[in-house]
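Grab a pencil and take a look at the protein shown here. We'll work through a few exercises on its fold, its rings and some of its residues.

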Amino acid sequence: KNDYTGMFEGYNLVLVTAESFSPYAVDPDVTPTLYKLLNEGFKFTNFYTPSWEVSTTDGEYVAMTSLIPKSGVWSFEESANNSLPFVMGNQLKKLGYKTLAYHNHSYSYYERQLSHPNMGYDYKGLGNGLNITEIWPESDLEMLEVTVDEYINEQPFHAYYMTVSGHMQYSFDGNNMARRHQQEVIDLPYSDQAKAYLATQIELDKAMEHLLLKLEEHGLADNTLIAISTDHYPYGLDKETIDEFVGHQVDENFEIYKSPFILYTKDMEPETIEKPSSSLDIIPTLSN
């Protein structure tokens, strides 16, 4: 126990693993909602997300379980056969929370239809109840628009999202989300790949904007905790593009894995957390 123990007791929880989210995705003008969430909550200045062997599913597994994945297998799929009492879905379900999980790509990708119910969630993805437009990549905003009403009137609730709009490849020809927001980034002083990446993150930004608006409408904004991390750094970007964003040659052994962790609720006193931490620390932090 510490000074933060019980700080958000009884709050609703929206937990997000955001595809390829990074420090480069947060801009006061391009992604103002993400900027707000990052800077008006707990600001973790030394947070890191390792890149594991099976990219997205391993990154999601670590963020959701606080366990290190095993090489050579899909750890999240394997975890469906294990008892996981300390994940947020199972913890909060025991406390009477409505617990739901969503993914806006194929529901069975990485066998999430096995892993996510085992964590205590009623799970929907594209093909098993999540009715959104089937394009590549699918829309984070559309996912939020069709799901928030499924839980917002039943408190307390815990909703988990694995997003996909920020997925590579980062070009305006091969990525529907990049093309959707091309005009919003067209005049930025970046390369085309950098612009396309930012354009995909605008869809995530608009999804979070929709969430905040719905929480405000229902009077829940100051009683709902929002936590957002990433599955991995945007390795679909060329190293030169990452250097372009940062403004120097990024160290590939450590610095490249630095990422945002958003922990926010309305009207909280912003606080900077300088202690080094990683995606392994998310579940212990929320459980506290």
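This is a predicted model: local features need pLDDT of at least 70, side-chain atom pairs count only at pLDDT 80 or more; totals for chains, interfaces and linings use all residues.

Residues are numbered from 1 along each chain as its sequence is written, and side-chain values use heavy atoms, with hydrogens and water left out.

**Exercise 1. Work out whether the radius of gyration agrees with that of a compact globule.**

Step 1: get the rule. The radius is taken over C-alpha atoms, and the globule rule is 2.2 Å times the number of residues to the power 0.38.

Step 2: apply it. For 288 residues the rule gives a radius near 19 Å, and the protein has 18 Å, which agrees.

Step 3: The C-alpha trace spans about 50 × 40 × 40 Å along its principal axes. Inside that there are 11 helices and 10 strands (DSSP runs numbered from the N terminus: helices are H or I with at least four residues, strands are E with at least two).

**Exercise 2. Find how much of the protein is buried, and how far apart in sequence its contacts reach.**

Step 1: set the cut-offs. Buried means under 20% relative accessible area, exposed over 50%, and partly exposed in between, using a 1.4 Å probe and protein chains only.

Step 2: read off the share. Of the 288 residues, 53% count as buried.

Step 3: turn to contacts, meaning heavy atoms within 4.5 Å. Take those between residues at least 6 apart in sequence: 75% of them join residues at least 24 apart.

**Exercise 3. Classify the ring pairs Y61–F76 and Y233–Y257.**

Step 1: recall the rules. Rings of Phe, Tyr and Trp (its six-membered ring) pair if their centres lie within 6.5 Å; planes under 30 degrees apart are stacked, over 60 edge-to-face, and the rest tilted. The structure holds 20 such aromatic pairs.

Step 2: take Y61 and F76. Their ring centres are 5.4 Å apart and their planes sit at 70 degrees, so this pair is edge-to-face. Y61 is in helix α2 (residues 55–65) and F76 in helix α3 (residues 75–79), so the pair ties together parts 15 residues apart in sequence. Y61 is buried at 8% relative accessible area, and F76 is buried too, at 1%.

Step 3: take Y233 and Y257. With centres 5.6 Å apart and planes at 80 degrees, this pair is edge-to-face. Y233 is buried at 18%, whereas Y257 is partly exposed at 22%.

**Exercise 4. Decide whether helix α6 is mostly covered or open, and name what covers its buried residues.**

Step 1: count. In α6 (residues 140–147), 6 of the 8 residues are buried, and the helix is mostly covered.

Step 2: name them. The buried ones are D140, L141, E142, M143, L144 and T147.

Step 3: look around. Their cover includes β4 (98–106), β6 (157–162) and α9 (192–217).

**Exercise 5. List what L188 and T33 touch, leaving out residues up to four places away in sequence.**

Step 1: L188 touches V30, K195 and L198. The C-alpha atoms of L188 and V30 are 9.5 Å apart, though 158 residues separate them along the chain.

Step 2: T33 is buried, at 8% relative accessible area, and touches D205, M208, E209 and L212.
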